[in-house]
Amino acid sequence: MEKSKFVRDFGKRVQTLREQQGISQEAFAHKAGLHRTAISMIETSKRSSTLETVEKLAKALSVQPGELMPKIKL
């Protein structure tokens, strides 16, 4: 089943912020307390994130959780 545009954009946002900070997926996963495969699956929209995971990702990137959220059309 194809993920929503929001999930795809969320993953791209996480990947962009990680790459801007020059962090590898492996180092990012370690910092966030997640497996590298989980990071890959989030960034490629093969996995949705729980609020707990969003919190871990935000802390690992030193950003507020809202900064990870993509815009949506209302």
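Predicted model: local features only at pLDDT ≥ 70, side-chain atom pairs only at ≥ 80, totals over all residues.
Biologist: How many residues has H1, and what is its reach?
Modeller: Helix H1 covers residues 5-20, 16 residues in total, and reaches 22 Å from its first C-alpha to its last, close to the 22 Å expected at 1.5 Å a residue. The expected span is 1.5 Å times one less than the number of residues. Helices here are DSSP runs (H or I, at least four residues), numbered from the N terminus.

Biologist: Which residues of H1 are buried?
Modeller: Val 7, Asp 9, Phe 10, Gly 11, Val 14, Leu 17 and Arg 18 are buried. Buried means under 20% relative accessible area, exposed over 50% and partly exposed in between, with a 1.4 Å probe and protein chains only.

Biologist: And what covers them?
Modeller: The cover includes helix H2 (25-32), helix H3 (36-43) and helix H4 (51-61).

Biologist: How do H2 and H4 pack?
Modeller: H2 and H4 pack at an angle of about 115°, with their axes 8 Å apart. Axes are lines fitted to C-alpha atoms, for helices over the stretch in contact, and angles run from 0 to 180 degrees between N-to-C directions. H2 is therefore roughly perpendicular to H4, a term that applies from 65 to 115 degrees.

Biologist: Which residues make that contact?
Modeller: H2 contributes Phe 28, Lys 31 and Ala 32, and H4 contributes Lys 56, Leu 57, Ala 60 and Leu 61. Contact means heavy atoms within 4.5 Å.

Biologist: Changing topic, is Arg 18 buried or exposed?
Modeller: Arg 18, found in helix H1, is buried, with a relative accessible area of 7%.

Biologist: What does Arg 18 touch?
Modeller: Apart from neighbours within four places in sequence, Arg 18 is in contact with Ile 23, Ser 24, Gln 25, Phe 28, Glu 43 and Leu 61.

Biologist: Where is Glu 67?
Modeller: Glu 67 lies in the segment after H4 and is partly exposed, with a relative accessible area of 39%. Not counting residues up to four places away in sequence, Glu 67 touches Arg 13 and Leu 17. Glu 67 and Phe 10 are 57 residues apart in sequence and 9.8 Å apart in space, C-alpha to C-alpha.

Technical notes. Residues numbered from 1 in each chain as written. Heavy atoms only, no water. Helix = DSSP H or I, 4+ residues; strand = E, 2+ residues; numbered from the N terminus. Parallel < 35°, antiparallel > 145°, perpendicular 65-115°, else oblique.
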